[in-house]
Protein chains: 2
Amino acid sequence: MSNQVNSNLKTSSRKGLSRKASRRAAQDYIQNLNNESYPNSEKIFIKGELHPIKVAMRQIHQADTLLAGSGEQPVFEKNEAIPVYDTSGPYTDPKTKIDVHAGLPKLRQSWIAARDDVETLEGVTSNFAKARLANDSLDDLRFANRPKPLRAKKGQCVTQMHYARRGIITPEMEYIAIRENMGRDRVKCEALHFQHAGHSFGANLQEKITPEFVRQEVARGRAIIPSNINHPELEPMIIGRNFLVKVNSNIGNSSVSSSIEEEVEKLVWSTLWGGDTVMDLSTGRNIHETREWILRNSPVPIGTVPIYQALEKVKGVAEDLSWDVFRDTLIEQAEQGVDYFTIHAGVLLRFVPMTAKRVTGIVSRGGSIFAKWCLSHHKENFAYEYFREICEICQLYDVSLSLGDGLRPGSVADANDQAQFAELEVLGELTKVAWEYDVQVIIEGPGHVPMQMIKENMDKQLDDCFEAPFYTLGPLTTDIAPGYDHITSGIGAAQIGWYGCAMLCYVTPKEHLGLPNKDDVKVGLITYKIAAHAADLAKGHPGAQIRDNALSKSRFEFRWEDQFNLGLDPVTAREYHDETLPQESGKVAHFCSMCGPKFCSMKITQDVRDFTAKLDSGEISIKILDETITMTAAEGMALKAKEFNDSGAEIYQPVL
Amino acid sequence: MSNQVNSNLKTSSRKGLSRKASRRAAQDYIQNLNNESYPNSEKIFIKGELHPIKVAMRQIHQADTLLAGSGEQPVFEKNEAIPVYDTSGPYTDPKTKIDVHAGLPKLRQSWIAARDDVETLEGVTSNFAKARLANDSLDDLRFANRPKPLRAKKGQCVTQMHYARRGIITPEMEYIAIRENMGRDRVKCEALHFQHAGHSFGANLQEKITPEFVRQEVARGRAIIPSNINHPELEPMIIGRNFLVKVNSNIGNSSVSSSIEEEVEKLVWSTLWGGDTVMDLSTGRNIHETREWILRNSPVPIGTVPIYQALEKVKGVAEDLSWDVFRDTLIEQAEQGVDYFTIHAGVLLRFVPMTAKRVTGIVSRGGSIFAKWCLSHHKENFAYEYFREICEICQLYDVSLSLGDGLRPGSVADANDQAQFAELEVLGELTKVAWEYDVQVIIEGPGHVPMQMIKENMDKQLDDCFEAPFYTLGPLTTDIAPGYDHITSGIGAAQIGWYGCAMLCYVTPKEHLGLPNKDDVKVGLITYKIAAHAADLAKGHPGAQIRDNALSKSRFEFRWEDQFNLGLDPVTAREYHDETLPQESGKVAHFCSMCGPKFCSMKITQDVRDFTAKLDSGEISIKILDETITMTAAEGMALKAKEFNDSGAEIYQPVL
């Protein structure tokens, strides 16, 4: 394990590179990640007990603590490796050979087959996919080893919710139970386990998450496991209020068209920085082919907004959309392996006029597509009309539904208004319908909401949607900082995560202004990992504080490398440190650049600690430093003073 | 008013410049700020009624709204200029000639003189300042036009609290009343005044802040006006729970020694980005002379931590500190014009051992200096012992006290522990003492605190310290993101600001890692302006939402320039936008880069709005779009559909 910062975590500008060259660069990047990207980290696997599975995690190794004697015969204390949740999949596993053209290993293939409830189709069944397949001009764009799609056998339902309700604990469920426990029972040091009592607002957090608990939560609809049977490459994860708060990042070759390799690179980049799921919002050419590459190479669930592609199929004219086009798109994407669909089925014709007096009207792209269709036809939203048919499709592939908030507020002024909440109530009605079909559901939420109005969103969602998981964008707590909306929204995201939101959709610094580049994606993800973790701490998620404790201990002990490596972004931490103290000696210096060598508060604290340790050790009476001490005990004071000074206040001593 | 982004808001790298050249560059920068730094902005002044004062603000001009007819004979709607709180002082006033060597105009000089309770001293009275003055080798370092220090006449008290308690409304108080109202009665458009009800947790927010209300709050000790009589250059501001949440930034030539000009530039840079007060934490050589330059050129209150300089005077050996050295330092700084002192008088000997078992011990620099002194002498903290003498000094110059939290937690693990709260209780005891002397007081707070434990800090502070204003550093809500602690703390800062914290001390991305550069200072400040504003919105501070509403309206109407200019950082917003749509046409395009020209949700909303406007106008029956609509009214639907389409769904129409 190298302790050097690996360039895998850095963005390399490809400016000036030819199209071809930058495609190759992207591919090389993806395929060469798997020698530790994170400094001093190691991929570990924890075995299952019910199923023959091994759950991937990362553990961060630490240096020892120097207890005494800086120079000759130093005394050291061992610091354990800290296991952390790992979303990066096989890309950071040295034992896996990555080949973008072959795709990732099919982790879940045998699990799915063993259930014996799916059939392998001869080929794709959607008209669109067939047409694309018949088009030879696309051959060089196509993912070569495209698998034949799977579908539930006649009369079967293959959703995790269906299994859960029948009392079956799937390998996916056990994988998640182990993963959510973050391997914290490997950490022996008791001090690292110290954690403050949380305030969970009624969440039902478990001391130890069991596979049975996962099953119960999925059966109850309080959590979902997005896992399309046609996406066997994914490492199972769960979205629910009683589990770790998750983060989603968005990719997609919107107006700027990028190559397929570059799209896959964005995906991998997102998983490297902690994206729990990734939504592919592509609207450009060749969406179908690009999506195939993304799915075959994705270790995390992939979500889409099918109406985007449907709109492409009707050349961007919303009025020309129809249930048939939409239905064909759902099947096309389900057979590729999309794990969840965002569908704005709650945008009803009668709600649209409610948005007319808003400051920012309808800001959801999907929402406005449906709104326009409804107005131009004066018919009810077809996604609402045909919602049961949609559920029947989802049943066959285990596609989860993310019921979109098409009428979410686009400004603080529009927060929590009639249109927003009217839609939310309909999403609750649709949740009930989806559950009739054992289809997994999450509910999307805002948007722009000032702090004092955030909790109402969470409470109302829990009530109206029967505790189906909430999945919010931000919310942004003010509108006045374009260029910093990862922060205006990170503030709101941390709060709603604390209140019970299950997944936070990230916002990048480019929100409202332009398309995020790799650096923006990273900043957005780190900001949201912070928000999600702050929420886990506040809720009191068992074990959440271990990493904080370990990092703080390393900070106090001036183990700079460990402080960098235990953080969310070792590269940036090291770079910032090196700007002030570049030389290697700076990394072991027992002072920090803020106070400088002559004086350091941390160092003085060490003196204080040493002194008190001597008192505790009983060498000298501790009566005098008792809190009942009277400041007049002069001789006693003088004695203590002498001892403190004799003990050499400036040097380190054992804290045994 | 130019609408171009002014380079004043950009940091220019001075790498490779000679010492001399970079000093000159810094000086040029400061002296040439005053042609509008902010694009399309204008300095305005609002006159007082009780006193002949004029209160400086900035107003941001906007373009008109195109209501109809993109091409021939377009119809426009006027958009008012939006006044905003302005901390940048005369530097952004084109009418003021800036000369770093002359210092800023002495705004308050006549106000102070008019009270006829101060005497002009022959010269400085502290031993240290005298010695520096006698040292010819410092001549070229000295601020040439150094004013003679003022001091209260014998038996007089010159604090704003003293005046307030005697029923006197000072010009400072009226200035603040006008400033806090943010000139919002100039905004005529009713829609811009829309604001959600706040949740103030018991704060007493005023619909219109009057000079009398300011007086009452200061008399009650619930707010302070940091305003040393020797700092007449400052524009009065207030720190209190019932006023706008304020932000502090720190400067100081710590380990890296920078020139005096560069220190002043850091100050100016901070005020330009919204710093309400600035703390000078310098610990290098020539602190005394540097401070003089900073004060003479500062439009905002300056705070210091006197123990830092006292420690320099005893060559960094904490044990050698004494009340005499400290006392002389307080007088030295008071006579220069320092507006508030951070003093860690609550770090008592008996509390020190309580920190021994902490994960990160004592992390406050000042706190650990006092802790070490206490231990090595086994005497009680001399700042505590001589606290009444300290108050007597503050009385003479109106120096406010910021009672430091020397035992604040340095990690989430140490939050809200015995040591922290024991100190807080002592700070409450000292608050009462200071108030006996009419000395203004604020209380410093943590630190590192997980979200669920933040409110306890605020509530306990209000109780223990009798509602004296709270001034916190962050708090950081997690320890795992070195390099992003402006964000981990911005989340906590927004919350504690909402709960009632009066001022937020910023944290930069370099926290824990190194010394912030100009870009870090800016990012830290913007992050904290966001936190403070989000808190103002959540509390329901009257008028706070106007800027959000104006910016959102400009966003919805694709007035890109206005969206940039109304934001906290027009430079970055514009740069991000231009990365995707560089050409000027992009600035007026009726679509954003996210959706592209073919489809834009904002544009569709316009269609929806136009359509509903036609309904409202009564041209056609709105019965059909009534919420009681039945989806079977087919002909009606068809009719509406035809009308919508005939109305040309794709083009803009009047929304009159």
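## Confidence in the model

pLDDT is the predictor's confidence in each residue, on a scale from 0 to 100. This structure is a predicted model. In chain A the mean pLDDT is 89. A value of 70 or more is reached by 86% of the residues of chain A. Residues 1-5 of chain A have a pLDDT below 50. That stretch still has 19 contacts in the model beyond near neighbours in sequence. Residues 649-656 of chain A also have a pLDDT below 50. Here the model shows 27 contacts beyond near neighbours in sequence.

The scores for the model are ipTM 0.92 and pTM 0.92.

## Chain A in outline

Chain A has 656 residues, and 69% of them count as buried. Its secondary structure comes to 23 helices and 17 strands. Take the contacts in chain A with a separation of 6 or more: 76% of them come from residues 24 or more positions apart. The chain exposes about 21600 Å². Carbon and sulfur atoms supply 53% of that area.

Helix α8 of chain A covers residues 287-296. Ten of its ten residues are buried, so the helix is largely enclosed by the rest of the structure. Among these buried residues are I287(A), H288(A), E289(A), W293(A) and R296(A).

## The barrel in chain B

Now to chain B. Eight of its strands close into a barrel. Their order is β10-β11-β12-β13-β14-β15-β16-β17, and the pairing is parallel. From one strand to the next, the twist averages 25°.

One pair shows the detail. Strand β12 (residues 302-304) and strand β13 (residues 340-343) of chain B run parallel and are joined by two bridges. G303(B) stands opposite Y340(B) in β13(B). Helix α7 of chain B, residues 260-272, lies across β10, β11 and β12 of chain B. It runs at about 165° to β10(B).

S400(B) sits in strand β14 of chain B, residues 400-403. Is S400(B) buried or exposed? Its relative accessibility is 0%, so S400(B) counts as buried. The side chain of S400(B) makes a polar contact of 3.5 Å with the side chain of Q440(B).

Setting aside residues up to four places away in sequence, S400(B) touches I224(B), I225(B), P226(B), D339(B), Y340(B), F341(B) and Q440(B).

D86(B) lies in the loop between β5 (82-84) and α2 (109-114) of chain B. Its relative accessibility is 6%, so D86(B) counts as buried. A polar contact of 2.6 Å links the side chain of D86(B) to that of S88(B). Beyond neighbours within four places in sequence, D86(B) is in contact with K43(B), M57(B), R58(B), T92(B), R179(B) and E235(B).

R151(B) belongs to strand β7 of chain B, residues 150-152. With 24% relative accessibility, R151(B) counts as partly exposed. Which residue 31 places from R151(B) along the chain has its C-alpha atom 6.5 Å away? That residue is T120(B). Leaving out neighbours within four places in sequence, the contacts of R151(B) include D117(B), V118(B), E119(B) and L121(B). T125(B), I229(B), L396(B) and Y397(B) are also in contact with R151(B).

Methods: Residues numbered from 1 in each chain as written. Chains lettered and ligands numbered in written order. Predicted model: local features only at pLDDT ≥ 70, side-chain atom pairs only at ≥ 80, totals over all residues. Heavy atoms only, no water. Contact = heavy atoms within 4.5 Å. Buried < 20%, exposed > 50% of the residue type's maximum accessible area, 1.4 Å probe, protein only. Helix = DSSP H or I, 4+ residues; strand = E, 2+ residues; numbered from the N terminus. Pairing = 2+ DSSP bridges. Axes fitted to C-alpha atoms, helices over the stretch in contact; angles between N-to-C directions. Polar contact = N/O pair within 3.5 Å; in protein donor to acceptor, adjacent residues only side chain to side chain. Areas by Shrake-Rupley, 256 points an atom, 1.4 Å probe, with all protein chains shown as cover.
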